[in-house]
Amino acid sequence: MAGLASLPLAYLLIRAGTGGAEAWEVILEPRTGLVIGRTLALAAAVTVLATALGVALAWLVVRTDLPARRFWAVAAALPLVVPSYVAALALIAAIGPGAPLRGAVEALPGVERAPELFGFPGSVIALTLSTYPYVFILVGAALRRLDPALEEAARALGRSRAGVFRSVTLPLLRPSIGAGALLATLYTLSDFGVVSLMRHDVLTRVIFQQYRTLFDRDPAAVLGLVLVVLTALVLILETRARGRSDLGGGGDAAPRPPGRQPLGRWRVPALGLCAGVVLLGLVMPVVVLGLWSLRGPSAAAALAALLWPAGSSVAVATAAAALAVVAAVPVGLLSVRFPTAFSRGAERLSYGANALPGVVVALALVFFSSRYAGPLYQTIAVLLFAYVVRFLPQALAGARSALVGVNPQLEEAARGLGRGAPGAFTAVTLPLVAPGLLAGATLVFLSTLKELPVTLLLRPIGFETLATEVWSATSVSAFSRAAPPALALIVLAAPIVFRLIERTDERDARGEALGAA
Amino acid sequence: MSVRLEGVSKAYGSVRAVEDLSLEVHPGELFAVLGPSGCGKTTLLRLLAGFERPDAGAISVGGTTVAGPGCFVAPERRRIGMVFQDYALFPHLSVAANVAFGLPRGERERARRTLELVGLQHKAERFPHHLSGGERQRVALARALAPEPAVVLLDEPFSSLDASLRADLRREVELILRDAGATAVLVTHDQEEALSLADRLGVMRDGSLVQVGVPEEVYARPVDRWAAGFLGDVNLFSGVGRGGAVQTEIGSLDVSGGVPSAEGPVRVAVRPEQLELLVGRTPNAEVTSREFRGHDVLYRLRHEGGRTVLVQLPSLDLHEVGARVFVRPARSARGALVD
């Protein structure tokens with residue numbers, strides 16, 4: 001399984017290695033240096049902003065007397081339902097060239113031109129809005145789990161509120177902040193949709209263009225490798241920085257609900273921040289896309305045009321989710337029950353694959369299947385395989401944590417009662433891990449639904465999903481044609497994301513109740 | 001330093017956790033607050049520490065008011081050392097850094113001395129998750145003591161330890177606290193802990209202290225039936241009081257020294273170890289069960305009057321279940337009048 005998962009990377013290495021000297025020359029081009037610089041700058045900017053925003057919102061929602069906290073706890077995570085390229089599309093439609101809002105700003109006295117949206121600024125805004133919810137959710141959960149006694153102990157030892165935050169709270173949150181920031185960085189490094197829409201030439205976009213416009217594909221492979229190296233560097237740096245801070249902060253659940261800090265005169269600015277973020281990340285896209293959808297042809301025609309792509313999207317996403325879970329169970333079982341160097345390695349390899357940017361996975365599989373598996377090239381099978389490689393870790397995480405929670409003695413008890421090994425597994429373990437597997441499958445479903453680069457490069461000719469519909473319409477700036485499928489993506493994802501957020505919330509609430517009992 | 005609470009109340013919504021509570025803890029004293037879970041004892045401790053504000057009443061430490069009408073001193077300015085139930089050691093800091101946390105920068109030496117006081121200087125560079133439960137407990141104590149607080153507060157400090165560790169550590173903690181000359185308030189639901197550790201103790205129920213006194217007094221003369229039962233096994237007899245004694249169905253019990261003098265019908269509480277069993281006399285009871293505890297034995301008897309009587313004896317001579325025995329108050333037995 002892990003071997004298959006690492007196939008794209010292996011092939012990329014071979015391809016770049018055998019590509020000859022001229023392929024490697026692409027690295028020395030001054031333009032390449034610029035592109036790498038842009039990639040890093042974008043990743044850094046998005047990571048810093050998303051982390052700051054996520055931590056601030058999590059703290060406001062969990063640890064202060066912010067009005068309507070429970071509402072904001074859900075609302076601030078909801079921009080997750082908006083795929084990042086849809087957020088970018090909405091931004092362009094709302095304040096891009098020719099948008100009425102921009103016209104209004106430029107009509108103001110003293111304003112020659114409204115600030116440029118395309119390029120770096122637009123990419124940063126759209127990607128920050130898409131990635132801060134990861135930080136928000138992770139840090140929020142960690143804040144809820146934090147044992148309030150730790151902060152009280154620090155205060156009893158003479159530290160002020162601010163001092164306690166600096167010396168105790170922040171260090172204890174570091175693992176979750178780090179994990180959230182890492183997600184934001186990896187997301188940005190692998191993002192293809194936003195930078196394409198915003199016409200910002202970072203590695204993913206350049207790789208895609210190289211592949212599309214040049215007959216010679218080897219430079220694309222080399223650039224793909226560069227992106228992989230950048231990703232690996234980020235992962236290594238993160239592991240280093242984490243070091244020994246990962247010592248398990250509080251317990252599973254805080255024994256008491258944490259204390260809440262009165263906001264006082266900061267109440268209004270805090271509310272403004274929450275409202276602004278939700279407005280920009282969720283309300284604005286939905287409203288703008290809704291308005292554009294209305295401008296198109298008749299509603300019935302728009303709906304009919306959506307049916308096929310929506311069906312395809314749901315079908316491949318469901319299949320990918322099922323396959324990913326089937327693949328995740330043996331890997332997870334192996335690493336949980338038989339932790340050897342081999343099983344750990346296999347697990348890590350599967351995780352590593354997730355860090356591979358979609359463009360790279362897609363490219364590698366294009367090369368591979370067109371050369372060695374001709375009949376499979378541009379078939380659903382390769383497409384599904386790529387999805388599974390890319391999103392296996394999401395299923396694996398769910399499977400793993402569920403399997404860790406099942407005492408192996410339960411299975412032994414079933415064996416003792418006369419069941420065979422497979423029987424014991426299906427009768428005892430499977431029902432117990434089913435919720436975890438389902439959670440993993442849900443994540444894979446969601447990710448596949450909005451996946452863009454892999455779908456674009458590997459889909460069979462004529463196979464349209466909602467994501468490719470959005471893409472093809474926006475590439476010709478036909479907003480009224482792009483809006484309905486984009487809106488459909490949001491509508492499809494919304495209930496799932498909502499359930500996920502609610503569940504995290506419930507779990508925390510249950511934890512609190514358990515602790516109090 | 002002394003601690004004084006005057007008419008302190010604290011409610012959470014409609015739940016009155018602490019109600020009109022007054023108490024004085026003397027300088028250098030080890031005071032235990034004993035009560036069942038939910039009686040408000042932890043709230044009492046948090047009020048002292050400054051993590052909660054009293055709704056009414058005043059709290060002073062060493063003569064300085066720290067909470068009262070129009071006055072509230074933040075926890076970090078109260079010079080309070082707190083040992084939390086699960087110790088609340090900072091998981092991201094080493095043992096030495098934990099102990100030095102409350103000290104001004106550069107006071108490494110004091111942190112080291114305090115660690116020595118609890119006998120853990122060799123673990124200074126370890127992290128909390130490397131330590132055993134007993135070691136964590138001692139680090140928590142060292143951390144609280146290092147800044148030389150006016151008062152040390154201990155919240156169920158032994159509850160998360162193995163029973164086998166508890167007794168040893170209890171003695172050790174007592175010695176450390178006395179060594180440091182600290183005034184300490186300890187909150188617990190464990191009678192043995194409170195009785196063996198405290199100079200004085202207060203029995204708390206439903207937000208109020210029902211009885212305050214030295215352990216021997218509180219144990220031997222509980223103010224009411226509930227306090228009697230909460231502190232250990234107890235027999236309750238009805239009887240007739242006359243001149244400092246109460247005539248009960250198992251004999252006459254001395255209740256002199258009790259505050260209310262007993263005349264007429266009363267109820268009296270007697271601990272099981274205050275009774276004795278004799279063989280060879282005309283039996284008045286039958287052994288119905290025997291709980292062997294090693295150093296002593298708890299017998300459950302059915303008295304001829306029909307009531308159950310508990311008797312605790314050293315495990316010298318054992319009586320079998322079913323044996324007919326004569327039960328009576330031991331020679332120096334004393335009972336306590338209860339409501």
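1. Charges over rings. A charge sits over a ring when NZ of Lys or CZ of Arg is within 6 Å of the ring centre and within 35 degrees of the ring normal. By that rule, B:Arg271 lies over the face of B:Tyr219, 4.2 Å from the ring centre. B:Arg53 does likewise with B:Phe72, at 4.1 Å from the ring centre.

2. Ground rules. This is a predicted model, with local features needing pLDDT of at least 70 and side-chain atom pairs counting only at pLDDT 80 or more, while totals for chains, interfaces and linings use all residues. Residues are numbered from 1 along each chain as its sequence is written, chains are lettered from A and ligands numbered from 1 in the order in which they are written, and side-chain values use heavy atoms, with hydrogens and water left out.

3. Aromatic pairs. Rings of Phe, Tyr and Trp (its six-membered ring) pair if their centres lie within 6.5 Å; planes under 30 degrees apart are stacked, over 60 edge-to-face, and the rest tilted. Searching the whole structure turns up ten aromatic pairs over all chains. One of them is A:Phe71 with A:Trp72: the centres are 4.9 Å apart and the planes at 65°, so this pair is edge-to-face. A:Trp72 has 11% relative accessibility and therefore counts as buried (buried is under 20% relative accessible area, exposed over 50%, partly exposed in between, with a 1.4 Å probe and protein chains only).

4. A pair across the sequence. A:Phe192 and A:Trp471 have ring centres 5.3 Å apart and planes at 35°, so they count as tilted. A:Phe192 lies in the loop between α10 (161-190) and α11 (193-197) of chain A, and A:Trp471 in helix α22 (residues 466-474) of chain A, so the pair ties together parts that are 279 residues apart in sequence. Helices here (H or I, at least four residues) and strands (E, at least two) are DSSP runs, numbered from the N terminus.

5. Helix α15 of chain A. Its 39 residues (299-337) should span 57 Å at 1.5 Å a residue, and the end C-alpha atoms are 54 Å apart, which agrees. The expected span is 1.5 Å times one less than the number of residues. There's a kink of about 35° at A:Leu307 in α15(A), shortly before the proline A:Pro309; the bend is the angle between axes fitted to the seven residues ending at a position and the seven starting there.

6. Helix α6 of chain A. Residues 84-95 make a helix of twelve residues that reaches 16 Å from first C-alpha to last, close to the 16 Å expected at 1.5 Å a residue. Eleven of the twelve residues of α6(A) are buried, so the rest of the structure largely encloses this helix. Among the buried residues are A:Tyr85, A:Leu89 and A:Ile92.

7. A spot in α13. A:Leu227 is found in helix α13 (residues 218-242) of chain A and is buried, with a relative accessible area of 0%. Its C-alpha is separated by 9.9 Å from that of A:Val202, 25 residues apart along the chain.

8. Chain B overall. Chain B has eight helices and 21 strands. Its C-alpha atoms fill a box of roughly 75 × 45 × 35 Å along the principal axes, and buried residues make up 52% of its 339 residues.

9. Strand pairing in chain B. Two strands pair if DSSP finds at least two bridges between them. Strand β1 (residues 3-12) of chain B runs antiparallel to strand β4 (residues 56-61) of chain B, with five bridges joining them; B:Glu6 stands opposite B:Ala58 in β4(B). Three bridges join β4(B) to strand β5 (residues 64-68) of chain B, also antiparallel, and B:Ile59 has B:Ala67 in β5(B) as its bridge partner. The hairpin of β4(B) and β5(B) has two residues between the strands, and B:Gly62 takes a positive phi near 60° there.

10. Most residues other than glycine have a negative phi. A:Ala68 has phi near 55°; A:Ala68 is in the loop between α4 (30-63) and α5 (69-75) of chain A and is partly exposed at 47% relative accessible area. B:Arg79 also has phi near 55°, in the loop between β6 (71-72) and β7 (80-83) of chain B, and is partly exposed at 45%.
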